[in-house]
Every structure is written in structure tokens, then in C-alpha cells.
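Trainee: Could you walk me through this structure? I have not looked at it before.

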Amino acid sequence: MKQSYFEIISNTALTENVFKMELRGDVSHITAPGQFVNIKLEGLYLRRPISVCDVQGDTLTIIYKAVGKGTRLMSQMKEGKLDVLTGLGNGYDLTVAGEKPVLLGGGVGVPPMYMLARKLIAEGKQVRVILGFNTKNEVFYENEFRALGADVTVTTVDGSYGMKGFVTDAMKEMDYTYFYTCGPEPMLKAVYKTSVTSGQMSFEKRMGCGFGACMGCSCKTITGYKRICKEGPVMRKEEILWED
Amino acid sequence: MGRLNVNLCGIELSNPVIPASGTFGYGYEYAELYDINCLGTFSFKGTTKDPRFGNPTPRIAECSSGMINAVGLQNPGVEKVVSEELPKLKMCFNKPVMANVSGFSVPDYAYTCEMLDKEEQVGWLEVNVSCPNVHGGGMSFGTDPKAAAEVTAAVKKVTTKPVIVKLSPNVTDIVSIAKACEDAGADGISLINTMLGMRIDLRTRKPIIANKMGGFSGSAIFPVAVRMVYQVANAVKVPVVGMGGVSSAEDVVEMMLAGATAVEVGAANLVNPFICRDIIEDLPRVMDQYGINTLSEIIGGVK
């Protein structure tokens with residue numbers, strides 16, 4: 001983990017309330033896709049944890065949905081410096097992907113799949129990506145994934161774009177060696193049930209510190225208590241214990 | 001002896017800054033970030049007789065200038081703390097450490113304190129009779145002078161090291177509780193634990209925290225903490241450790257003027273993990289600014 005200041009390079013809307021921010025700074029502590037950063041915002045007490053979408057050179061890309069006070073404030077920023085903690089969380093393990101991994105992202109669970117797809121493709125894997133949204137005007141990053149060379153399927157719940165249904169509907173028709181996913185918990189549960197291979201999923205919880213000190217985001221797993229921010233946010237399918 | 005030195009219950013501290021229990025784990029997360037030997041000491045994660053997972057999540061809610069937590073004393077239990085956590089702590093911290101203890105019965109408190117008292121690195125026992133986040137324990141001992149005294153006496157009977165009793169602000173008369181603990185043999189008093197608070201999500205109309213209520217901390221509660229430290233320090237002869245919303249070197253000085261011998265820093269660690277180191281480095285500047293030669297001379301110095 002590292003605390004440092006990042007310069008805002010750009011901050012643009014991808015959809016009505018999803019924004020992409022590019023930041024320049026010391027990215028040396030970001031070691032794996034699926035990690036997150038924790039951002040201090042003026043006037044708000046706790047930092048805001050946001051997943052890493054990509055790191056290229058000294059540029060960090062994050063994609064976030066403006067839903068609360070903090071993310072709405074972020075969406076209005078055009079320039080300046082941000083106090084950021086980097087290198088948080090475990091991230092995805094790429095070594096177990098096999099030849100044909102499938103990556104499933106739902107809504108703002110899509111961004112962490114981007115760097116993961118890029119890295120897996122660089123390793124010569126045949127990467128399939130399923131991006132799930134509620135409706136057409138919420139869709140983002142389809143072309144960016146295609147540009148990486150991934151085989152992309154988009155699903156929308158209302159059928160207004162791509163395949164009608166959930167990411168799991170597309171998953172059922174696919175042949176894959178391993179899965180990686182990030183999205184809302186009901187989606188993770190559905191992927192867990194639908195999947196026929198092993199895989200990894202990234203969880204989200206309200207955090208205090210984001211670096212393992214406060215025990216605010218603990219959860220129970222088959223292998224004991226874990227902190228989403230420290231031993232997670234990525235868990236292996238085999239260790240997940242659903243709470244209800 | 002340096003300008004920042006203070007003496008807490010017979011043990012010399014190189015400075016009065018102490019990360020508060022529950023915000024600093026067992027030290028090693030922070031030792032990855034900076035050399036934690038710069039701290040006066042730290043109070044490690046509240047330890048109970050048996051292992052505890054704590055409360056369901058969400059356990060955290062944000063507030064203006066603060067936060068609410070309802071972690072509920074998650075810890076591996078005293079046996080594992082002694083066998084697994086303390087050896088790891090020793091690798092990154094070479095000073096006496098403050099052992100924070102909670103319990104659900106008087107014998108619980110006595111058992112856990114007795115175990116930790118035997119550990120060489122433990123300098124003080126901080127007995128938490130004020131956790132607002134567990135039912136049938138913690139705070140219920142700290143809201144009644146008789147119960148607080150009973151815990152204090154039971155712990156004193158089985159321990160040799162200084163016992164500091166950590167009090168709750170969620171009471172009508174904190175002075176009577178502090179005095180009862182002093183009369184029962186407490187070597188020091190620390191205060192304040194968090195204030196009971198609650199937030200509601202407007203969209204779902206449900207409490208944000210799964211446990212409904214939790215402990216409110218952060219800079220918002222600082223004035224309440226200063227007031228209570230002042231009241232207690234004027235009523236007891238034993239040293240007082242002040243805490244509650246401390247987040248700057250100026251806050252440390254203010255707390256000491258109110259009567260604190262040492263000062264704990266809690267929630268601020270979760271926002272800026274370097275805050276305690278930064279405060280220690282900034283203290284000489286603030287002392288110079290206000291004409292303070294040594295910190296020990298200003299304890300209780302409010303006019």
C-alpha cells in the first residue's frame with residue numbers, strides 16, 4: 001500500500017451517471033487487476049474505495065457510478081490533485097485461467113474486467129467477455145473490450161441492446177476453462193450457481209479504512225473470517241460462504 | 001529526556017500519542033507503512049476471552065466529520081492473541097504495548113486480563129467497560145459505577161501491571177463512574193469511547209448499519225471528549241488518557257491542557273494511516289508556537 005497524490009488528467013461521462021477518470025501518479029503499488037484504490041475527498045470523512053479499471057505507464061484509469069455524495073462530487077471534478085491510497089486488496093489470480101477464460105462484468109462491475117482481459121490476452125488466452133447491463137443507455141466499454149481482441153457479448157435485462165437476459169444466460173451457452181466476475185451480489189450468486197468450472201469473484205462492502213485495520217468489512221468464508229479489503233475483494237468460488 | 005516525554009502510570013513514553021484500540025489492529029498493518037516505534041505506544045485491538053466474529057455487515061456508516069462503527073469486537077480470542085498476534089506485534093514494535101480487553105462477565109474480564117498481564121510486552125491493561133456494540137457486555141459495565149468498580153477490582157486482584165479503565169460517554173454522570181473505578185484500584189482512566197449514534201438510508205428507510213446503532217467517532221466528537229476529560233481529570237488523582245476525535249497536534253495539546261497525560265488517536269488513523277506519525281512530527285512546531293517547553297508541564301494546565 002502506498003499513499004500519494006494523483007493529478008486528474010480527464011474525467012468524462014460514459015453514460016448518464018457512469019464516469020471515467022484518468023489520473024497520473026505513482027502506480028507502482030498496483031500489482032494485479034481487481035485491486036482497488038481509496039480516495040480522499042475534500043469535506044468527506046471516509047475515503048471512497050474505487051476499483052482499478054486499468055494502469056498503463058503512469059496513468060491510472062477508474063470508472064465509477066455517481067450514486068452517493070462522494071461519487072457525485074468526484075463526477076464534477078475537472079482538474080486538481082487527489083490523495084489516493086493504492087495497492088489495496090488482493091486482485092485476481094491470472095495463473096489459473098486456462099486457455100479459454102470467461103470474464104463477466106455487471107454494471108460498475110465491468111471496469112475491473114478490463115485490465116484483467118488485457119493481461120490475459122497478452123498472455124495469449126482466448127478471452128470471452130460478457131458485459132451485463134439493465135438497458136441500452138447504460139452500456140459502456142463494449143468497443144474498448146473489442147479493441148483488446150476479446151470475444152464480447154453484451155446482455156441487457158430488457159433486451160434493448162445485445163442479447164436479452166442476464167450475463168448467466170450468455171454464460172450457459174459458452175464453453176470456458178475458468179471464470180472471473182465482478183458485479184452486484186445477486187449477479188455473483190447467479191454466476192456461482194450457473195458456472196460449471198472454478199472461478200473468482202470480487203465482492204463489495206462498506207469499508208472503513210480499506211487497508212485491514214478496522215474490521216469494518218469482514219465476512220465469513222469456508223476458510224475462516226476474511227476482510228474484503230485485505231484478503232479480498234477477490235474470493236475463490238470454493239471458499240465462498242453465502243450469508244443467506 | 002525529550003520535550004515530548006510523558007510518564008503514564010510509571011512507564012515513560014517518548015511522546016503522548018497512542019493509536020486507539022480498534023483502529024490499529026495489532027500494529028503490523030501500519031508497520032508496513034512506517035516505523036511504528038515512533039509512537040508513544042498503541043492500544044491493540046479489543047481482546048475477549050473467546051474468539052468473536054462480531055456483528056453482521058454493514059458495520060460502517062459515514063457522518064459529517066466522523067463515522068459510525070458497529071464492528072462488535074471481532075477478535076481471535078485471548079489464546080490466539082497471545083500465541084499468534086503478540087509474536088507478530090513484537091517483530092514490528094519494541095516498546096511496551098497497551099492491551100485492550102473487553103468482556104461479557106466479571107470473570108471474563110479477569111481471565112483475559114490475567115492472561116495478558118503475563119505477557120512481557122504488555123505495559124498496561126486498558127479495560128474497556130464501554131463498547132456500545134455488543135449486547136449484554138461492554139458498555140453495560142461502564143454505565144453503572146458499581147459494575148465498573150466490580151470489574152476494576154476483579155482485574156486488579158489478578159494482575160500486576162497498571163490497569164487503565166476505558167469509560168463510555170453514554171452516561172449521565174461520567175465523574176461518578178471514574179471515581180468508582182479509582183476507588184476500586186484503577187491506575188488510570190481513559191476516555192471517551194464512541195458515542196452511540198445511528199444513520200438511516202433514505203432510499204431503503206432502513207438503518208445503514210446492520211446492528212442499527214453504532215459508535216460515533218471522528219473529529220465531530222472532539223469537544224465532547226475535551227469536556228469529559230476535563231471533568232474527570234479534575235475529579236480523580238490517577239492519570240487520564242484522553243481520546244475522542246483527536247486528529248492534529250493542536251488537538252493533542254488541547255486534550256493535555258484539559259487534563260490528559262497521554263492522548264489516543266482513533267478514527268483519524270482510518271482516514272490517514274500516517275496521522276499518528278504526522279502528529280508526533282508536528283508537535284514541536286505547535287509547542288513552539290504556543291510557548292510550550294515540555295509537554296508534561298501542560299497537563300491539566302487549562303486556566
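Mentor: What follows goes from the ground rules to chain A, and then to chain B.

Trainee: What should I know before I start?

Mentor: This is a predicted model, in which local features need pLDDT of at least 70, side-chain atom pairs count only at pLDDT 80 or more, and totals for chains, interfaces and linings use all residues. Residues are numbered from 1 along each chain as its sequence is written, while chains are lettered from A and ligands numbered from 1 in the order in which they are written.

Trainee: Ok, how many helices and strands does chain A have?

Mentor: Chain A has five helices and 15 strands, where helices (H or I, at least four residues) and strands (E, at least two) are DSSP runs numbered from the N terminus.

Trainee: And what is the radius of gyration of chain A?

Mentor: Chain A has 17 Å, which agrees with the value near 18 Å that a compact globule of 244 residues would have; the radius is taken over C-alpha atoms, and the globule rule is 2.2 Å times the number of residues to the power 0.38. Buried residues account for 48% of the 244 residues in chain A, a residue being buried if 20 or more other C-beta atoms, placed from the backbone, lie within 10 Å of its own, exposed if 12 or fewer, and partly exposed in between.

Trainee: Which domains are assigned in chain A?

Mentor: The assignment, which is automatic or from a database, gives domain 1 (2–88) and domain 2 (94–200). Their contact takes 14 residues from domain 1 of chain A and 11 residues from domain 2 of chain A, with two residues in contact if their C-beta atoms, placed from the backbone, lie within 7 Å. On the domain 1 side, β4(A) gives the largest share, five residues.

Trainee: Changing topic, what is the strand order in the open sheet of seven strands?

Mentor: In chain A the order is β10-β9-β8-β7-β11-β12-β15, with mixed pairing; two strands pair if DSSP finds at least two bridges between them. At the edges stand β10 (163–164) and β15 (234–236) of chain A, each with a single partner strand, so one side of each has no neighbour in the sheet.

Trainee: How do β7 and β11 of chain A pair?

Mentor: Strand β7 (residues 101–106) and strand β11 (residues 178–182) of chain A pair in the parallel sense over five bridges, and A:Pro101 stands opposite A:Tyr178 in β11(A).

Trainee: Is A:Glu79 buried or exposed?

Mentor: A:Glu79 is exposed, because 9 other C-beta atoms lie within 10 Å. A:Glu79 sits in the loop between α1 (69–75) and β6 (81–88) of chain A.

Trainee: How many residues of chain A are in contact with chain B?

Mentor: There are 22 residues of chain A in contact with 27 residues of chain B. Strand β13 (residues 218–221) of chain A gives the most to the chain A side, with three residues.

Trainee: Which residues in chain B are joined by a cis peptide bond?

Mentor: One such bond joins B:Thr57 and B:Pro58, with omega of about -5 degrees, and another joins B:Leu191 and B:Ile192, with omega of about 10 degrees.

Trainee: What about phi of B:Leu73?

Mentor: B:Leu73 has a positive phi of about 60 degrees although it is not a glycine, and B:Leu73 counts as buried, with 25 C-beta neighbours inside 10 Å. Phi of B:Arg205 is also positive, near 60 degrees, but B:Arg205 counts as exposed, with 7 C-beta neighbours inside 10 Å.
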